[in-house]
Amino acid sequence: MKPMEEFLAQAPYLRLNEELTVELLTRALREEVGKAGFQRVILGVSGGIDSALSLYLCARAFGPEAVTAVCMPYRESSPSSLEDAQKAIDAVGVESIRVDITPQIDAYFAGFPEASRLRRGNKMARERMSILYDLSAERRALVIGTSNKTELLLGYSTQFGDMASAVNPLGDLYKTQVWQLSGYLGVPESILKKPPSGDLWPDQTDEAELGFSYWDVDRLLYYMVDCRYPPERLVQQGFDRDLIERVHRRVVNSQYKRSLPVILKVSGRTIGADFRYPRDWGL
Amino acid sequence: MRVGLAQIRPVLGRVEENLKLHREMIHRADSEQVDLLVFPELSLTGYQLKDLTLEVARSLQDEPIQQLVRESHRLDLVFGLVEEGPGHLFYNTAVYASEGAIRHVHRKVYLPTYGMYEEARLFARGRSFRSFETRFGRMGLLICEDAWHTSAPYLLVQDGAEILIVLANAAAKGMGAEKMASEESWSGMLAHYSMLHGAITLYANRVGTEDGVTFFGGSMVIDPFGRILERGERFEPLLKVVDVDLEDVRLARYRMPLMRDEDLELTARELERILKRRFEGGDHP
């Protein structure tokens, strides 16, 4: 049995009806983008699985001619990432743009040579965001997100960086479900098989940095978030107490990233608190 | 009797555009000799209204609403709106119109306010479930969450309804390996009601996406034996036209005389006792 099949046999509750999920996501993408008055979409494509799946969904939803993929490597980015990104782009046949972010990143950090890897990684993520939004305006193309539910819950992403988008088709899919759908849509093997990485520094891998595997954490998050099991019940379910504690802390501590900035209330009608309109207001 | 289910995609917060959509659907249904055309919940406004509730609310006497009601001269109409009722109370309302006049108004009783829903923030609560006479027979209206309370269809059927009309805004959620949980629950639940009550169920659900939430459609007609006769395609705006035979209600209730054997008096007595115990004795639940 393939590893994905083996995993889904153990965690059947994470299995998705692939055809129906893809239909739901592509229809909803078309409608949300179309309503906003856009015919085109743009997204960053890194060579990783998340942006590959977003790219495939966009190409299905809008047709390849309406999609722009942007590759934004840094000099330390793995060359294989760029190759994988290109493979995905070629496979769906969309237009692509390459913007090397090395000059601006290096120029900025010349003033902060001691900056940590975290600062550098976040800066790169926000630089990429800034490029996507610039090109979005230039091409009248809406920015499509690539953050999955696992990383959003764990806060394993950069606020106002890779988290920024107008519509995110992956935000309610766990990482393992991203794998499942990517396999279904025919994302290239090299992307499916490589260990997930933000590629923010050489040899970075998500699972080494997080200290647990996506296969473990997705099962845990399903019971913790979707089923609302309390810790004791999670332990009974066979999850490691330490993992439960660490994951819970990450979810709580990253709540701010999933929220809009806090507005301090002064008036009788405050944006967010008592001025509440749907996002699709007037669309 | 020919039924039409108007599986539409209302435009959020734009009553004028939705009125136009209704008129187009009525025209189509009329050309297909539909006798009764059913629109989904809040068909004139869309669902995720939040603070738009104030501006989309209409009195039932408003001219555009009355114009729509007057379209019911050849076919009967069921549609949904935010009704501004007496005392400026806002209701999630369904209207049954026939021969150019409003015949029945149902104000949603059970306003979901949990998880992704916040209806009790927006709407006043309806106070009754009543069946009503139509030119085809006795019917009852349920709006979405109303149908999840087993007492609601029970009351309508005991009150004489032979056709249950369910206006819904049911969202695609709970995707699983085979099916969507929400879709499965709806079809299972309504098929059971139809079977247990020997009633025809007409279920009109909308399509389209609002704020990332997609409504799945799949509008259905269920016969009084609990068989799904027809089901509209998922996600697709359409008019589903289905012939139903009220004679089936007679046959179903003869074959399975649950209605005959139902002991209303016992139910009322037990409910009285339970009410007393729960609300006077402080014994929960």
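What share of the 283 residues of chain A count as buried? The figure is 49%. Buried means under 20% relative accessible area, exposed means over 50%, and partly exposed lies in between (1.4 Å probe, protein chains only).

1. **Basis.** This is a predicted model, in which local features need pLDDT of at least 70, side-chain atom pairs count only at pLDDT 80 or more, and totals for chains, interfaces and linings use all residues. Residues are numbered from 1 along each chain as its sequence is written, chains are lettered from A and ligands numbered from 1 in the order in which they are written, and side-chain values use heavy atoms, with hydrogens and water left out.

2. **Chain A overall.** Chain A has 13 helices and four strands. Helices (H or I, at least four residues) and strands (E, at least two) are DSSP runs, numbered from the N terminus. The C-alpha trace of chain A spans about 60 × 55 × 45 Å along its principal axes. Its radius of gyration is 19 Å, which agrees with the value near 19 Å for a compact globule of 283 residues. That radius is taken over C-alpha atoms, and the globule rule is 2.2 Å times the number of residues to the power 0.38. Of the contacts in chain A with a separation of 6 or more, 73% are between residues 24 or more positions apart. Contact means heavy atoms within 4.5 Å.

3. **Asp50(A).** Asp50(A) sits in helix H3 (residues 49-62) of chain A. It counts as buried, at 10% relative accessibility. Its side chain makes a polar contact with the side chain of Asn148(A), at 3.0 Å. A polar contact is a pair of N or O atoms within 3.5 Å; within protein, one must be able to donate a hydrogen and the other to accept it, and residues adjacent in sequence count only if both atoms are side-chain atoms. Leaving out residues up to four places away in sequence, Asp50(A) touches partners including Thr146(A), Glu151(A) and Lys175(A).

4. **Chain B overall.** Chain B has nine helices and 14 strands. Its radius of gyration is 18 Å, close to the 19 Å from the globule rule for 285 residues, so chain B is as compact as a globular protein of that length. The C-alpha trace of chain B spans about 50 × 45 × 45 Å along its principal axes. Of its 285 residues, 54% count as buried.

5. Ile65(B) is in helix H3 (residues 63-70) of chain B and is buried, at 1% relative accessible area. Not counting residues up to four places away in sequence, Ile65(B) touches Leu44(B), Arg58(B), Ser59(B), Leu60(B), Phe79(B) and Leu81(B). His197(B) belongs to helix H6 (residues 181-197) of chain B. It is buried too, with a relative accessible area of 14%. Setting aside neighbours within four places in sequence, His197(B) is in contact with Pro153(B), Tyr154(B), Val157(B) and Arg253(B).

6. **Interface.** Chain B contributes 27 residues to the contact and chain A 23 residues. About 2100 Å² is buried between the two chains, and carbon and sulfur atoms give 51% of that area. Buried area is the accessible area (1.4 Å probe) that two parts lose on being put together, summed over both. Asp51(B), Met175(B) and Phe235(B) supply 28% of the area that chain B buries against chain A, more than any other three residues. There are 15 residue pairs in polar contact across the interface (both at pLDDT 80 or more).

7. **Salt bridge between the chains.** Four salt bridges link chain B and chain A. A salt bridge is a side-chain nitrogen of Lys or Arg within 4 Å of a carboxyl oxygen of Asp or Glu. One pairs the side chains of Asp51(B) and Arg269(A) (2.6 Å, N to O). Asp51(B) lies in the loop between strand E2 (36-38) and helix H2 (53-56) of chain B, and Arg269(A) in the segment after helix H13 (241-253) of chain A, so the pair joins two chains. Asp51(B) is partly exposed, at 23% relative accessible area. Arg269(A) is partly exposed, at 42%.

8. **Salt bridge within chain B.** The side chains of Asp30(B) and Arg74(B) meet in a salt bridge (2.3 Å, N to O). Asp30(B) lies in helix H1 (residues 15-31) of chain B and Arg74(B) in the loop between H3 and strand E3 (76-85) of chain B, so the pair ties together parts that are 44 residues apart in sequence.
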